[in-house]
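Please read the following report alongside the sequence and the coordinates. It works from the overall confidence down to single residues.

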Amino acid sequence: MDILELKKKANEVRRNIVTAVHAARAGHPGGALSSAEIFTYLYFEEMNIDPSDPHKADRDRFVLSKGHSAPGLYSVLAERGYFPKEDLLTLRHTGSYLQGHPDMKHIPGVDMSSGSLGQGISAAVGMALSARISGDSYRVYTLLGDGELQEGQVWEASMFAGHRKLDNLVVIVDNNNLQIDGAVDEVCSPYPIDRKFEAFNFHVIRVEDGNDMEQIQKAFEEARRTKGAPTAIIAKTLKGKGVSFMENKAGWHGKAPNDEEYGLAMKDLEAIGEKLEKAGGADGK
Amino acid sequence: MENKKKIATRESYGNALAELGKKYENLVVLDADLAEATKTSTFKKAFPERHIDCGIAECNMVGIAAGLAATGKIPFASSFAMFAAGRAFEQVRNAIGYPHLNVKIGATHAGISVGEDGASHQCNEDIALMRSIPGMVVLNPSDDVEAKAAVAAACEHQGPVYLRFGRLAVPVINDRPDYHFEIGKGVTLREGDDLTIVATGLCVSASLEAAEELAKEGVNARVINIHTIKPLDEELLVKAAKETKRIVTVEEHSVIGGLGSAVCEALSDTVPTPVHRIGMKDTFGESGPAAELLHKYGLDAEGICREIRGWMK
């Protein structure tokens, strides 16, 4: 898929996120929107997966360690065809399989249940180790929040992955700089994030704009070429990206838009979509 | 009992793993810098490439075990009960219990029989913690024979299992040809009609001794070995409650939340029966040789007899 198509998909993922969280009347739009390019690139370009066979043994695995960004994961899974897009409207509803946080038992395409911060990365490390033990070639990806780095377990897992040189593991940090109580560097600074992962023997890739699909692509290509060490991609992103009134606002970490805000948000995303369509026209695509 | 062979169930755990490693190619063993103590070192000698030392990081070890299980391995995650069930409780609950992953937790050094290390390392709360997790099987074998059978059964079982082992060498009491282990099935070791002693783990052996002592005084106690705390053999317990009218539970664990609580919960529904719970009475342990501590806290045959006599007066 070319870059423009990926950008269009990312915008669709954002529309799904806003629609799902609005329908749920609760949830976490901010960190889901900041990760839209990462989700899109992973599921439409990077990972070896088959939506018609979600349990395929040799598939690449993804663990959403920042489990509260579930609307982002569900949106890309629906967009990729793992389940009907209409089901996103049942997010967080009683009886729906789309639980507030990822549930591997009931959601096609979810490789690991998560939600309690700091734990997903350990499971991802276990999966990467598992492939190493049995000589399998699949790769494992896990997405963490920057606030999540405050959990000590992240560094237990990183120490292990670096020590074991798990080069089939890619840790991505969605560095949107905001957590519930404010800016991460005001609450309890995780910086310098890059040097921390380097100290744990990771190959570190810094992405200046993690909402730029070209930069995301370059980072994953570099990760794939990296041998002898796990990779950490530190992607600077904008929380709430794409919805003007949500951008860079900690208040939109875990709040659903009301009907009026939903209308405004979808208008913003439609405008972005139209711009991308025009860009396609100009490129002659 | 003194002339019986004695083996610590942690030894049985290591030996069973080394044996099962031959049969199950996808069996992997994790430890957190305690392989010599938990006896997973026995497995490590046989299958070094399938033994993973995670370093002193139990929470991460449990998460790694979850990832291994999610990709088709049968991981046994090993540490002291205090750290496996205590420190990593939330990881066990969320990364193993909630997704019902096929992880086995081999927890050694449970209870006060840890001895000299003292209260910080003597976990008397693990059964309470583990049995509160939906879908978790909780096994607490009484001797070498049962411990090895429990590890094999855990390996066959699909889903999370918590196995509790001890540091102290305990008498082998199940070395009979017709011994059969089945998850969820209690074992009646001694018939009797005056009361039923329901025991688990290393307290089974002491309870048998206590029953012999009580018999000399004309009190005929039935003794039931509950090696599976969850799922509990309610049928066997209800039958015993109906037939003997009185139940005493004995465990090397807090009287809050362990075997005693589980038995009370089971009986209160159908056959409300007086139940006296013997165990750690809402207190921490302390340093000392294991046998002395078991004596001090009333978990040897003498202490069990004393409690029962007092209760039955």
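**Basis and confidence**

This is a predicted model, in which local features need a pLDDT of at least 70 and side-chain atom pairs count only at pLDDT 80 or more, whereas totals for chains, interfaces and linings use all residues. Residues are numbered from 1 along each chain as its sequence is written, while chains are lettered from A and ligands numbered from 1 in the order in which they are written.

The model scores ipTM 0.95 and pTM 0.96. Within chain B, confidence is highest in strand β6 (residues 137-139), at 99, and lowest in helix α11 (residues 259-270), at a mean of 96. Helices (H or I, at least four residues) and strands (E, at least two) are DSSP runs, numbered from the N terminus.

**Contact between the chains**

Two residues are in contact if their C-beta atoms, placed from the backbone, lie within 7 Å. Chain A contributes 20 residues to the contact and chain B contributes 24. On the side of chain B that touches chain A, α4 and α6 (89-97) of chain B each supply at least two residues, and the largest share, 9 residues, comes from α4(B). That side of chain B divides into 13 nonpolar, 8 polar and 3 charged residues, where Ala, Val, Leu, Ile, Met, Phe, Trp, Tyr, Cys and Pro count as nonpolar, Asp, Glu, Lys and Arg as charged, and the others, Gly among them, as polar.

**Two sheets of chain B**

Two strands are taken to pair if DSSP finds at least two bridges between them. In chain B, 7 strands form an open sheet with mixed pairing, in the order β3-β2-β4-β5-β7-β6-β12. At its edges stand β3 (51-53) and β12 (228-230) of chain B, each with a single partner strand, so one side of each is left without a neighbour in the sheet. Neighbouring strands of this sheet are turned by 20° against each other on average, direction ignored; axes are lines fitted to C-alpha atoms, for helices over the stretch in contact, and angles run from 0 to 180 degrees between N-to-C directions. Helix α8 (residues 144-156) of chain B packs on this sheet, touching β2, β4, β5 (104-108), β6 and β7 (161-164) of chain B, and its direction makes about 170° with that of β7(B). Within the sheet, β2 (residues 27-31) and β4 (residues 74-80) of chain B pair in the parallel sense over 5 bridges, and B:V29 has B:F76 in β4(B) as its bridge partner.

Another open sheet of chain B has 5 strands in the order β9-β11-β10-β13-β14, again with mixed pairing. Its edge strands, β9 (187-190) and β14 (275-280) of chain B, each pair on one side only, and the twist averages 25° from one strand to the next.

**Helix α6 of chain A**

At 1.5 Å a residue (the expected span being 1.5 Å times one less than the number of residues), the 12 residues of helix α6 (residues 152-163) of chain A should span 16 Å, and its end C-alpha atoms are 17 Å apart, which agrees. A residue is buried if 20 or more other C-beta atoms lie within 10 Å of its own, exposed if 12 or fewer, and partly exposed in between, with C-beta atoms placed from the backbone. The buried residues of α6(A) include A:V154, A:F160 and A:G162. These buried residues pack against α5 (120-134), β2 (140-145), β3 (169-175) and α8 (193-199) of chain A, together with α4 (58-70) of chain B.

**Individual residues**

| Residue | Phi | Loop |
|---|---|---|
| A:N177 | about 70° | between β3 and β4 (178-179) of chain A |
| B:H109 | about 55° | between β5 and α7 (126-131) of chain B |

A:N177 is buried, with 21 other C-beta atoms within 10 Å, and B:H109 also counts as buried, with 27 C-beta neighbours inside 10 Å.

A cis peptide bond runs from A:Y191 to A:P192, with omega near -5°, and A:P192 has its place in the loop between α7 (184-187) and α8 of chain A. In chain B, a cis peptide bond joins B:K230 and B:P231, with omega about 0°.

How values were computed. pLDDT is the predictor's confidence in each residue, from 0 to 100.
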